[in-house]
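This report covers helix packing and nonpolar cores. The sequence and structure come first.

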Amino acid sequence: MAALGILDGSTDATALTMRALAARLGVQAPSLYAHIDGIDDVLDLVHELINSSIDLSPLLEGTDLEDLRAFGRNYRDSYRRHRVAATIISARSLNQDHALRVYEAIAAFLARRGLPDNQIMPLMAMLDSVVLGSAVEPFADGFVETARTYGRQYPTIAAGLRSTRRKTIDDAGFELGLDAFLATVERLTPQ
């Protein structure tokens, strides 16, 4: 929890060090090594903590696409609350049980729908791209100028910015991506 707090309060991964974690916990850095091997172990624990907030229940029994939609939203929200940690985690291997349990639940849902084995991994990659991409990279925040400023050189971008509330762009984009993912699952589901 302390490590996640450090990451949540920072703008990048460099804030999380063994020294910073020890200071947050009120101990000396060497004493941490009695419990963990190093920063990789800390990151595994952060990953596990975030994954524990993901509600897998919509995926556990049924095959309704609305359950998959609910899961996708919850999955995104769990990582979106921790953007810096999500950036780190999305670049790490997925060999920990807590990560594999999430992916197994997704894979089992897709298999129950009758999707062929050779489509399950690509579909999970598509879902991860939509969910983690949206959680890690806030698209709208990249447009720091006013629509008028963009209009001089980029009139189509300016028109898009003028016609959309910036606060809704990322959520709308995520929902479009999630819709596309669900439509792909539906299209690939055997009749």
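## Terms and basis

Contact means heavy atoms within 4.5 Å. Helices are DSSP runs (H or I, at least four residues) numbered from the N terminus.

The model is predicted: local features need pLDDT of at least 70, side-chain atom pairs count only at pLDDT 80 or more, and totals for chains, interfaces and linings use all residues. Residues are numbered from 1 along each chain as its sequence is written, and side-chain values use heavy atoms, with hydrogens and water left out.

## Helix α11

Helix α11 covers residues 166–188.

Buried residues (under 20% relative accessible area, 1.4 Å probe, protein chains only) of α11 include Ile-169, Phe-174, Leu-178 and Phe-181. Asp-170 and Thr-184 are also among them. The buried residues of α11 pack against α5 (65–80), α7, α8 (117–136) and α10 (155–162).

## Nonpolar cores

A nonpolar core is a set of buried Ala, Val, Leu, Ile, Met, Phe, Trp, Tyr and Cys residues joined through side-chain atoms within 4.5 Å. The largest has 49 residues, and Leu-68, Phe-71, Tyr-79, Ile-106 and Leu-110 have the most contacts inside it. Helix α8 gives the most to this core, with 8 residues. Apart from it lies another core of 6 residues, including Ala-140, Tyr-150, Leu-161 and Ile-169.

Leaving aside neighbours within four places in sequence, Tyr-79 has contacts that include His-47, Ile-50, Asn-51 and Leu-132.

## Contact of α4 with α7

Asp-44, His-47, Glu-48 and Asn-51 in α4 meet His-98, Ala-99 and Val-102 in α7.

Definitions and conventions:
Helices (H or I, at least four residues) and strands (E, at least two) are DSSP runs, numbered from the N terminus. The expected span of a helix is 1.5 Å times one less than its number of residues. Buried means under 20% relative accessible area, exposed over 50%, partly exposed in between (1.4 Å probe, protein chains only).
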